[in-house]
Amino acid sequence: MMSEDTRDGAASRTRVAIVGSAGKMGQALIRLVKEDAELELVAVLDQGDPMSALGAYPGAVAIDFSTPAGTLALAETAPGAGVAIVSGTTGLDDAAVRALEAASRIVPVFTASNMSVGVHVLGVLIERAIAMLGPDFDLELIEAHHRRKVDAPSGTALTLAAIAQSARGGDPRLVHGRHPDVRAARGRDEVGIHAVRGGDVIGDHTLLLLGDGERLELTHRATNRDLFARGALRAARWVAGRGAGRYGMRDLVGE
Ligand SMILES: NC(=O)C1=CN([C@@H]2O[C@H](COP(=O)(O)OP(=O)(O)OC[C@H]3O[C@@H](n4cnc5c(N)ncnc54)[C@H](OP(=O)(O)O)[C@@H]3O)[C@@H](O)[C@H]2O)C=CC1
Ligand SMILES: O=C(O)C1=N[C@H](C(=O)O)C[C@H](O)C1
């Protein structure tokens, strides 16, 4: 754990700690926080650093892009430290999900599987398109990410699939990929979901709405990780000083 000295005049700035600081997102966040006059970087934590160090920064916001274990440790520590949470970590296990929920009864907890406003808008468009097209269009979601991503499907794909399932109604089941052993036509009440991994793809998400004689393709492509970092910093500014509770992109940008 490295502590950063508080600079003169820092009192009015939002103090942030970065969890997962040595990672791809952590590094982007540190760079952008240092460029932002409204933010003050007070601590950086990565694998092996004691989360208890957050106890020195009550009122700060911990921004977490790490792993399920990192998120769990943060969620267990932040309430006692009086630190708000902004977490973008995906592929969380039940323990981390439960710990975030428990933490939100004591401190503000902002979570989003994707901190891009564009992806939030994609979710709104998906909801609207499904409502307007009706049940005769088949829904298949495809995501692509870099070769180092460990969770699949992406958190974003799961969020968008849940939006699609809810908009379709009737409890359609999520079908992961198509397997050669399963010889069957596509069911009507399915949402297909497919993960592609390779190269340096930052993050692509497409919902195919496949009808008879026509199809729609709703796509978001991220071309830079700063996109997600900027969203997380906006969330950190927004969440600082709020009451305990659970918050997300809808609270930040509306709809
Ligand atoms: N919501 C969003 O908008 C976005 C979400 N993400 C998600 O954020 C997460 C991180 O992504 P990315 O930065 O690409 O991943 P990286 O693997 O590059 O970085 C994760 C970092 O967290 C560290 N870490 C592991 N365990 C802990 C722990 N217990 N405490 C603190 N730090 C820990 C890792 O250390 P070590 O390498 O030693 O394990 C690593 O330095 C992923 O879940 C990803 O899906 C990513 C981009 C956008
Ligand atoms: O691991 C990544 O890189 C990303 N993860 C998030 C996800 O799982 O949805 C968001 C973004 O697509 C990049």
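Strands β7 (residues 138-145) and β9 (residues 190-197) run parallel and are joined by seven bridges. Strands are DSSP E runs of at least two residues, helices H or I runs of at least four, both numbered from the N terminus. Two strands pair if DSSP finds at least two bridges between them. This is a predicted model: local features need pLDDT of at least 70, side-chain atom pairs count only at pLDDT 80 or more, and totals for chains, interfaces and linings use all residues. Residues are numbered from 1 along each chain as its sequence is written, with chains lettered from A and ligands numbered from 1 in written order.

**Sheet**
- E140 has G192 in β9 as its bridge partner.
- The open sheet has five strands, ordered β8-β9-β7-β10-β11, with mixed pairing.
- Its edge strands, β8 (173-176) and β11, each pair on one side only.
- β10 (residues 203-210) and β11 (residues 215-222) pair antiparallel over eight bridges.
- L207 has L218 in β11 as its bridge partner.
- Four residues separate the strands of this hairpin, where G213 takes a positive phi near 80 degrees.

**Ligand 2**
- T90, S113, N114, H145, K149, S154, G155, T156 and G203 surround ligand 2; near means a C-beta atom, placed from the backbone, within 6 Å.
- Ligand 2 lies between domain 1 (2-115 + 226-253) and domain 2 (117-222), because both give residues to its shell.
- Domain bounds come from an automatic or database domain assignment.
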